[in-house]
Amino acid sequence: MQDFLQQLPKVELHLHIEGTLEPELMFKLASRNGITLPYATVDEVRDAYRFDDLPGFLALYFQGMDVLRTSQDFHDLAMTYFMRAHEEGVVHLDMHFDPQAHLQRGVTLEAVMQGLLSARQEAEQSLDLTVGVIMAFLRDRPADEALAVLEQASPFWSQLDAVGLDSAENGNPPGEFASVFSRAAELGLARVAHAGEEGPADYIIEALDMLGVERVDHGVRCLEDETLVKRLSDEQTVLTVCPLSNVSLGVVKELGDHPLPAMLDAGLNVTISSDDPAYFGGGMLANHQACFEAFGWDEATFYQLTRNAIEAGFMSRDRRADLL
Ligand code: ADE
Ligand code: ZN
């Protein structure tokens, strides 16, 4: 099974590029930018990666990304992950990034975009890896700010595939971002949102009805609402489930308690992703292996999950046909 999972051409739909920042690269970028980290060694950083819920994780995630300052930093961050993903047998990934988290620190949108887009180009030319780009908005910041960032991104609209919604979920319902998402729709961008990770099933309904999302990131709490499960199953809405993330953030106690098998039994359109691999104990391969160990899935199940992801990934028609 190990060999099968390595060789399976995997597609990752839910990945925060800032969440791929490994401590080794954090040190390299800190030194390059003359930043003193509050840690002396890589091991100290790893030891500090302790959190038991989403807000606890987000504090470390936003702190860690402070070493990202120049377009070269963003390029190196993305390229480092693309090479790792390629080695793990990933053939396509859709990457979220958080522009507001960088603008707030005085990093320009141009630096962020140039770095990420040049890495995408390099990956697509030098690796068998295609990359979709999702501009994500921070739901714990005002919707007006998100709208202004979307407008500011006009020189890059043609290079974006979608908008997303992430950060602290509880108390920040999707509906507040309806105007941002309707503007994105006007621009021809696809729409996705985190919902039903820590937040209630109602947030999934809001994301569908008020934001018009075509994919729900996480969505695991849908099982709390039978009518919603039926709707998601009837409409075959893609859910980008992140098993190791859910364990790390205490959404479930251990993987054996995860609702993934129940989600499959309910006929939901499930896919597997890593979310923030530097923080949650591994990338696509580790997530697939963990699912095998916890659920004993057979090859046919992993093929089905991969097919689900290929069909929903932000890629060209030709690329999709190649991968199917
Ligand atoms: N930003 C990065 N990772 C996230 C997650 N798992 N949930 C919400 N926002 C995030
Ligand atoms: Zn996420």
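**The sheet and its surroundings**

Modeller: Strand β7 (residues 238–241) runs parallel to β8, and four bridges join the two. Within this pair, V241 stands opposite I272 of β8. The model is a predicted one, in which local features need pLDDT of at least 70 and side-chain atom pairs count only at pLDDT 80 or more, while totals for chains, interfaces and linings use all residues. Residues are numbered from 1 along each chain as its sequence is written, and chains are lettered from A and ligands numbered from 1 in the order in which they are written. Strands (E, at least two residues) and helices (H or I, at least four) are DSSP runs numbered from the N terminus, and two strands pair if DSSP finds at least two bridges between them.

The pair belongs to an open sheet of eight strands, ordered β1-β2-β3-β4-β5-β6-β7-β8, with parallel pairing. Its edge strands are β1 and β8 (269–272), each of which pairs on one side only. On average, neighbouring strands are turned by 25 degrees against each other, direction ignored; axes are lines fitted to C-alpha atoms, for helices over the stretch in contact, and angles between N-to-C directions run from 0 to 180 degrees. Helix α7 (residues 109–126) packs on this sheet and touches β2 and β3, its direction making about 160 degrees with that of β3. Contact here requires C-beta atoms, placed from the backbone, within 7 Å.

At the other end of the strand order, β1 (residues 10–16) pairs with β2 in the parallel sense over five bridges, and L15 stands opposite M95 in β2. Strand β2 is also joined by six bridges to β3 (residues 130–138), again in parallel, with D94 opposite G132 in β3. Strand β2 (residues 90–97) is largely enclosed by the rest of the structure, because eight of its eight residues are buried. A residue is buried if 20 or more other C-beta atoms, placed from the backbone, lie within 10 Å of its own, exposed if 12 or fewer do, and partly exposed in between.

S167, in the loop between β4 (162–166) and α9 (178–186), has a positive phi of about 80 degrees although it is not a glycine. S167 is buried because 20 other C-beta atoms lie within 10 Å. D275 is found in the loop between β8 and α14 (284–295), and its phi, near 70 degrees, is likewise positive in a residue other than glycine. With 28 other C-beta atoms within 10 Å, D275 is therefore buried.

Both residues also belong to the shell around ligand 1, which includes H16, D166, S167, D275 and D276; a residue is near a molecule if its C-beta atom, placed from the backbone, lies within 6 Å of it. This shell divides into two nonpolar, five polar and four charged residues. Ala, Val, Leu, Ile, Met, Phe, Trp, Tyr, Cys and Pro count as nonpolar, Asp, Glu, Lys and Arg as charged, and the others, Gly among them, as polar.

Key
Two residues are in contact if their C-beta atoms, placed from the backbone, lie within 7 Å.
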